[in-house]
Amino acid sequence: MLWWFIRQLILRTITPSKVVAMRILLTGGAGYIGTHIIVALAANGHQSIVVDDLSNSRHSAIDRVESIISAPVVFHHSDLRDTDRLLKIVEDTHPEAVIHLAGLKAVGQSVAEPALYYDTNINATLSLLKVMEATQIRRLIFSSSATVYGDPETLPLTESSRSGIGISSPYGWTKAMIEQILRDVAHTDPSWQFSLLRYFNPVGAHESGLIGEDPAGIPNNLMPYVAQVAAGRRNRVNVFGDDYDTIDGTGVRDYIHVMDLAQGHLAALNHLSPGVATYNLGTGQGTSVLQLISAFEQACGHPIPYQIAPRRPGDVAAMYCSPAKAGRDLNWQATHTILDACRDSWRWQSTNPDGYPA
Ligand SMILES: NC(=O)c1ccc[n+]([C@@H]2O[C@H](COP(=O)([O-])OP(=O)(O)OC[C@H]3O[C@@H](n4cnc5c(N)ncnc54)[C@H](O)[C@@H]3O)[C@@H](O)[C@H]2O)c1
């Protein structure tokens, strides 16, 4: 028994997940993924400092996070591109590392308004890098995306799969360009520590049902759309294409629970090291549109109407990753199933039918 206690003590001292509590700057921290990361950070003793211009989020999301973690979150309402203001915030709050989520993310809107996307996503990142340079903060985790892979040549996608070719939207290009900017910056000074996290399809919500995805207008992503149909806010799901070469003809994606994604950021934070490391954050499992609808029906307990529609230009048949590198290097892997994600998404949707309060 005594030996067991000594062993636990030693293990706690040496396990890589054991980290010193840090102050973390979260750009875009009021958004869908950021709010869930704050919860995961708090559970590990870290303090979050959020900078968000609330262009795609509400302050009430931060209030909800505070009630989950029973602690205040430092919040600054500011556009990241306001470099002077950002410098002042960083000088006042002394973060030790940055998780950079801020940016615009609607693929379709980026095709219609490319300049807005390049200006926001690229200039926000450059502004942040200037401030980090000036304040000697050298540790950054970047929210990249599976879109950098374009149309996959082979599956599953690994970090060394072809990227930066055949990307179908300005949104995707901003992610590929920011990755390149960070690689170039790291090249100039070996003290930079960058982790590029390529998210696959984040879904689900915190199990409390207090925070979740709150899209403005018509949801761009499948799961929140299905959730709104399940709640009766929309008539039916359009399934774009049922003649792909997949298990049931519908598109296949790698859906990752947002709390697993949040844990991936903690793991990346614990393993930051000089240079640039790139990781796929996905489950490694493909789920088709019809499989997702069926899992959601199980979660909400009633049928979800859908209709087959023509394929959408630019959509690929299947996208899923190998998360083996993150498993190996970060000791991270997704633990939630697609049914867990549907249940949590439904809890959030059914208890917050209109999203966050204004
Ligand atoms: N959700 C996904 O499907 C997905 C997939 C891959 C990558 N990502 C990336 O992850 C990040 C977070 O995504 P999310 O789903 O939480 O999106 P989100 O829109 O919910 O969160 C982004 C946050 O950034 C803020 N923001 C936008 N421009 C800003 C600016 N100039 N200054 C300060 N704040 C600004 C928004 O108000 C919002 O709160 C984004 O960079 C996104 O591109 C998301």
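User: Which residue in S11 does Leu197 stand opposite?

Analyst: Start with the general idea: two strands pair if DSSP finds at least two bridges between them. Helices (H or I, at least four residues) and strands (E, at least two) are DSSP runs, numbered from the N terminus. Here Leu197 stands opposite Tyr279 in S11. S6 and strand S11 (residues 275-281) are paired in the parallel sense, over 7 bridges. This is a predicted model: local features need pLDDT of at least 70, side-chain atom pairs count only at pLDDT 80 or more, and totals for chains, interfaces and linings use all residues. Residues are numbered from 1 along each chain as its sequence is written.

User: Which residue stands opposite Leu196 in S6?

Analyst: That is Phe142. Strand S5 (residues 139-145) pairs with S6 over 7 bridges, in the parallel sense. S5, helix H7 (residues 170-188) and S6 make a right-handed β-α-β unit. A crossover is right-handed if, with the strands pointing away from the viewer, the path from the first strand over the helix to the second runs clockwise.

User: How many residues of strand S6 are buried?

Analyst: Burial is a count. A residue is buried if 20 or more other C-beta atoms lie within 10 Å of its own, exposed if 12 or fewer, and partly exposed in between; C-beta atoms are placed from the backbone. In S6 (residues 193-199), 7 of the 7 residues are buried, so the strand is largely enclosed by the rest of the structure. Both faces are covered: Gln193, Ser195, Leu197 and Tyr199 lie on one side, with Phe194, Leu196 and Arg198 on the other.

User: Which residues come nearest to the ligand?

Analyst: A residue is near a molecule if its C-beta atom, placed from the backbone, lies within 6 Å of it. There are 28 residues around the ligand, and Gly28, Gly31, Ile33, Ser57 and Ser143 come nearest. H2, strand S2 (47-52), helix H6 (114-135) and S5 are the elements giving two or more residues to this shell. H2 has the largest share, 3 residues. By type, the shell holds 12 nonpolar, 11 polar and 5 charged residues. Ala, Val, Leu, Ile, Met, Phe, Trp, Tyr, Cys and Pro count as nonpolar, Asp, Glu, Lys and Arg as charged, and the others, Gly among them, as polar.

User: Is H2 mostly covered or mostly open?

Analyst: Helix H2 (residues 32-43) is mostly covered, with 10 of its 12 residues buried. Among them are Tyr32, Ile33 and His36. Gly45 follows H2 and has a positive phi, near 85 degrees.

User: Where else is phi positive, and is Ser70 buried or exposed?

Analyst: Ser70, a residue other than glycine, has phi near 50 degrees. Ser70 is exposed, with 7 other C-beta atoms within 10 Å. Its place is in the loop between helix H3 (59-69) and strand S3 (74-77). His94 also has a positive phi, near 55 degrees.

User: Which residues have the most contacts inside the largest nonpolar core?

Analyst: In soluble globular proteins, nonpolar side chains tend to be buried together. A nonpolar core is a set of buried Ala, Val, Leu, Ile, Met, Phe, Trp, Tyr and Cys residues joined through C-beta atoms within 7 Å. The largest here has 93 residues, and Leu26, Val226, Leu292 and Phe296 have the most contacts inside it. Helix H9 (residues 258-270) gives the most to this core, with 8 residues.
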